[in-house]
Amino acid sequence: FVRSAPGDTRLFASATDPDSQNLTGSWRILSSPSGADATLLSTDGYLARLQTQTTGTFELLFQVTDGENYDREKVIVEILDLGERRDRVKDISAYKNTCAALENGEIRCWGPNSGSLGNDVLDPADYPRTVQGFTDAVQVSVGELRTCALHQGGLVSCWGSNSEGALGISSDAISSTTPLTLPLNNISQVEMGNLFSCALSQDGLVSCWGYGYAGQLGVGSKLATTQPVQVQALENVIQIAAGRDHACALTQDSRVLCWGEGNSGQIGYGSSIDRVLPGPVYLGENRPVFIDAQESYSCVVTESGKVLCWGFLPGGFSGAGGISNAYEAVMISGFSQVTQISAGKAHLCAINTEQELYCIGNNLSGQLGTGNFQGQSLPQKVPLKEPVSRVAAGDEHTCSLLQSGRISCFGKLTQIGP
């Protein structure tokens, strides 16, 4: 066995039988130190992971069988110390792939790939792989076919598909499997849409680039651009969010403005008409403090800890009066004391003041973390063993950043990693 990370010890076993080709292996815990909170995860029966934050002696049992005969072997694992964690995560983002920005400035990504993992290959990754060239990453944003990350000094690098100029590099290249630096400076946040991206500068201005067929670049037209261009009629922005073909911004004076495609009400002004310039979203007396968007809907967290959404509300979100398309903001029932949210393709997750995680919506792949595959129209608490500091809802999976700096993921197997 070998420790792969503090609190995470991997165990390997092998078994051969000249008379049988159908051996099955399994692991279980026989005994553990008093009060130990230990989990034993087994993937193919021969590989197991003992996860614990407790030192001491663990007695495990490895069993192998051909269906009729059994052989067992006891294994003693002595955890002397939990070691020093050098791979703590500070930011996560997900769509079909997932990427994590680490405290040491590295970025690691995993998932189906399509060139957006940043490791110069196209093969899928079922474990986190290091993105080339990053030692100072502070934020990462994952799109369907590409990824962008923010450097400590305010520069932005992107990799993946360059269709419609979505990488923002003013190049005819089809794609790049390694990060390329964009002509941007003093950036504080970057967000991915479908074939477009937007970046927020430290002085409160927003620039977008890529596909513009629905006005999602916010420049007054529906033309595409291969270089970042400043969004018009928008200033004093403190946070941005991007859906499939629309974008929204939260300003310093607590206004929300959206632009781009409006067919499902995702830009929140009571109509299905596209907007080529930012326009206000009516939120009544509700004061927004956090914003996110995905696919064809947008959501905010209010100062009172409630959640309001507009657009195509997936999974039958309760509180929308049974409608699919909300052309104006509606309150989502069941959320309270929320501090941040993450919008997935067809599900929504939120963290409350107690650092608990709640999710709602589609659950076909288990992305709500409820232990079943039933969709939910009211928020359901995810049973995690640690407080949650951040959450990233993706295509058909969810990853939560725990207080310890570790990540817990659930949902579609090809997306969640190890």
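Author: **One threonine and its setting**

Leaving out residues up to four places away in sequence, Thr251 touches Glu235, Asn236, Val237, Ile238 and Leu257; contact means heavy atoms within 4.5 Å. The model is predicted: local features need pLDDT of at least 70 and side-chain atom pairs count only at pLDDT 80 or more, whereas totals for chains, interfaces and linings use all residues. Residues are numbered from 1 along each chain as its sequence is written, and side-chain values use heavy atoms, with hydrogens and water left out.

Thr251 lies in strand β21, which spans residues 246-251; strands are DSSP runs of E with at least two residues, numbered from the N terminus. Thr251 counts as buried because its relative accessibility is 1%, where buried means under 20% relative accessible area, exposed over 50%, and partly exposed in between (1.4 Å probe, protein chains only). Its side chain makes a polar contact of 2.4 Å with that of Asp253. A polar contact is a pair of N or O atoms within 3.5 Å; within protein, one must be able to donate a hydrogen and the other to accept it, and residues adjacent in sequence count only if both atoms are side-chain atoms.

Elsewhere, an open sheet holds four strands in the order β16-β17-β18-β19, with antiparallel pairing; two strands pair if DSSP finds at least two bridges between them. β16 (187-192) and β19 (225-230) each have a single partner strand, so one side of each is left without a neighbour in the sheet. Strand β18, residues 206-210, pairs with β19 in the antiparallel sense over three bridges, and Ser207 has Gln230 of β19 as its bridge partner.

The largest nonpolar core has 23 residues, and those with the most contacts inside it are Ile92, Ile107, Cys109, Phe134 and Trp159. Such a core is a set of buried Ala, Val, Leu, Ile, Met, Phe, Trp, Tyr and Cys residues joined through side-chain atoms within 4.5 Å. The largest share of this core, four residues, comes from β9. Beyond its neighbours within four places in sequence, Phe134 is in contact with residues including Ile107, Ala149, His151, Trp159 and Pro179. A second, separate core of 17 residues includes Val330, Phe335, Ala350 and Ile360.

Finally, the mean pLDDT of the protein is 86, with 86% of residues at 70 or more; pLDDT is the predictor's confidence in each residue, from 0 to 100. Over residues 1-7 the pLDDT is below 50. Where pLDDT is low, the predicted coordinates should not be read in detail.
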